[in-house]
Amino acid sequence: MPPALPVAIPAAYAVPFAELALANVVREYPNAPAHLYAGPEELVAPRALHPAFYGGYDWHSTVHMHWLLVRLLRRFASTDELPATVTTRIHEVLNTHLTPANLTVEAAYLRGRPHFERPYGWAWLVALAAECRALATPDGDRWADALAPAVDAVGELLTGWLPRATYPIRHGVHGNSAFGLGLILDAGERAGLAAPVLDAVADRVRDWFTEDHDAPTHWEPSGQDFLSPALTEADAVRRVLPAEEFRAWLAAFLPGLATSSLLTPPVVSDHADPQIGHLLGLTLSRAAALRTIAAALPEGPERTALTGSAAAHLTVGLPTVSSGDFSSDHWLATFAALALDTAPGH
């Protein structure tokens with residue numbers, strides 16, 4: 001029998017994950033801005049461009065580290081596992097960053113640069129807003145209200161982009177279409193995205209992927225993947241097909257999944273290399289996808305194999321989440337939370 005997997009973030013991770021996120025979302029440097037400079041007048045500090053999301057090395061990472069802070073509040077604020085001193089610090093950071101003034105600037109930035117963080121950063125912003133709303137406290141609602149203009153901007157950007165997106169992006173890094181749209185499907189309704197936007201997202205997932213079959217799993221992983229193209233696609237399709245249709249599709253898309261090389265954790269030769277180190281994230285994102293795909297399957301050898309593989313990937317990935325190396329510490333804890341917990345919108 002494979003080891004039992006937790007259904008929520010174990011309490012032992014509450015404080016370590018919180019400390020990682022708290023350190024990163026206020027760390028302005030080093031910073032890798034994905035900003036196309038139009039002239040020397042735009043050579044300003046990251047905080048001027050992104051008053052809410054200036055830290056954590058890059059925009060998307062600081063957005064999802066904010067998500068992690070809110071997720072930890074939701075899971076642990078009413079327990080003794082997250083001390084009051086840590087909870088207070090989390091509230092101070094979120095109250096400082098997630099303000100109407102700051103998020104108005106962030107929303108304007110998104111609207112003015114429709115290619116920025118598409119769709120990965122968009123998806124994490126939607127997930128953050130959903131997590132704030134799910135907190136179901138006055139603070140959570142205030143943060144979600146502040147985020148609403150930025151969520152509206154993402155809705156407008158999706159509406160403009162999806163009809164033009166003839167082909168999906170299938171590689172295993174940030175631009176992966178299936179991961180971003182899957183996260184939006186999980187979180188969009190709670191975040192406040194309009195039903196027509198979410199319908200368009202689901203339609204595009206069906207259009208792009210439901211005719212796929214015989215995924216080339218022997219091509220995985222590439223040397224800097226933090227997502228599995230095949231498993232991420234399968235997890236997105238899981239969200240848009242009825243259970244029986246999904247199982248039939250999966251059998252055609254990933255025949256022999258129970259014995260696939262996808263179930264073997266990747267070799268990570270250099271944890272400190274920022275690109276090779278992406279493979280640490282792959283151990284965690286694979287674990288998350290394997291768990292949710294397994295949950296959609298009936299009891300049997302395939303489900304058992306996927307669950308066992310998820311546990312094996314976690315065994316490799318979890319000890320690397322906090323290494324003291326900023327190249328991995330600024331992002332891995334979020335993917336650990338996804339692997340340990342339920343889907344982002346839940």
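Start by selecting tyrosine 57: with a relative accessibility of 30%, this residue counts as partly exposed. On the scale used here, buried means under 20% relative accessible area, exposed means over 50%, and partly exposed is in between (1.4 Å probe, protein chains only). Before going on, note that this is a predicted model, in which local features need pLDDT of at least 70 and side-chain atom pairs count only at pLDDT 80 or more, while totals for chains, interfaces and linings use all residues. Residues are numbered from 1 along each chain as its sequence is written, and side-chain values use heavy atoms, with hydrogens and water left out.

**Stop 1: the loop at tyrosine 57**

Keep tyrosine 57 selected and look at the backbone. Its phi is near 80°, a positive value in a residue other than glycine. Most residues other than glycine have a negative phi, and most peptide bonds are trans. Tyrosine 57 sits in the loop between helix H2 (46-49) and helix H3 (59-76). Helices here are DSSP runs (H or I, at least four residues), numbered from the N terminus.

**Stop 2: into helix H3**

Now move to histidine 64, which is in helix H3. Is it buried or exposed? Histidine 64 counts as buried, at 1% relative accessibility. Show its surroundings and, leaving aside neighbours within four places in sequence, you will find Tyr120, Trp124, Trp331, Thr334 and Phe335 in contact with histidine 64. Contact means heavy atoms within 4.5 Å.

**Stop 3: helix H15**

The buried residues include Leu332, Ala336 and Leu340.

**Stop 4: the cavity**

How many cavities of 30 Å³ or more does a search of the whole structure find? The search finds one. A cavity is a set of points, on a 1 Å grid over the protein atoms alone, where a 1.4 Å probe fits but cannot get out; lining residues have an atom within 4 Å of a point. Grid points are joined across faces, edges and corners, and the volume is the space filled by probe spheres set on the points. For the largest cavity that space is about 90 Å³. To find it, select Asn31, Pro33, His50, Asp58 and Trp59, which lie nearest its centre among the 13 lining residues. The lining divides into nine nonpolar, three polar and one charged residue. In this count Ala, Val, Leu, Ile, Met, Phe, Trp, Tyr, Cys and Pro are nonpolar, Asp, Glu, Lys and Arg are charged, and the others, Gly among them, are polar.

**Stop 5: the loop between H5 and H6**

Glutamate 117 lies in the loop between H5 and H6, and its phi is near 60°, positive in a residue other than glycine. This residue is buried, with a relative accessible area of 13%. Proline 119 belongs to the loop between helix H5 (100-112) and helix H6 (120-135).

**Stop 6**

Alanine 136 is in the loop between H6 and H7 and counts as exposed, at 62% relative accessibility. Step on to aspartate 139, in helix H7; this residue is partly exposed, with a relative accessible area of 21%. Leaving out residues up to four places away in sequence, aspartate 139 touches His91 and Asn95. Follow H7 along to alanine 148, where the helix bends by about 45°, with proline 149 following within four residues. The bend is the angle between axes fitted to the seven residues ending at a residue and the seven starting there.

**Stop 7**

Go to proline 221, in the loop between helix H9 (195-209) and helix H10 (229-238). A cis peptide bond joins glutamate 220 to proline 221, and omega is about -5°.

Finish at leucine 254, in the loop between helix H11 (243-253) and helix H12 (278-295). Leucine 254 counts as buried, at 4% relative accessibility. Not counting residues up to four places away in sequence, it touches Ala215, Thr217, Ala230, Leu231, Ala234 and Leu262. For a distance check, the C-alpha atoms of leucine 254 and phenylalanine 116 are separated by 32 Å.

Definitions and conventions. Helices (H or I, at least four residues) and strands (E, at least two) are DSSP runs, numbered from the N terminus. On a 1 Å grid over the protein atoms alone, a cavity is a set of points where a 1.4 Å probe fits but cannot get out, and a pocket is an open set with protein on both sides within 12 Å along at least five of seven lines; lining residues have an atom within 4 Å of a point.
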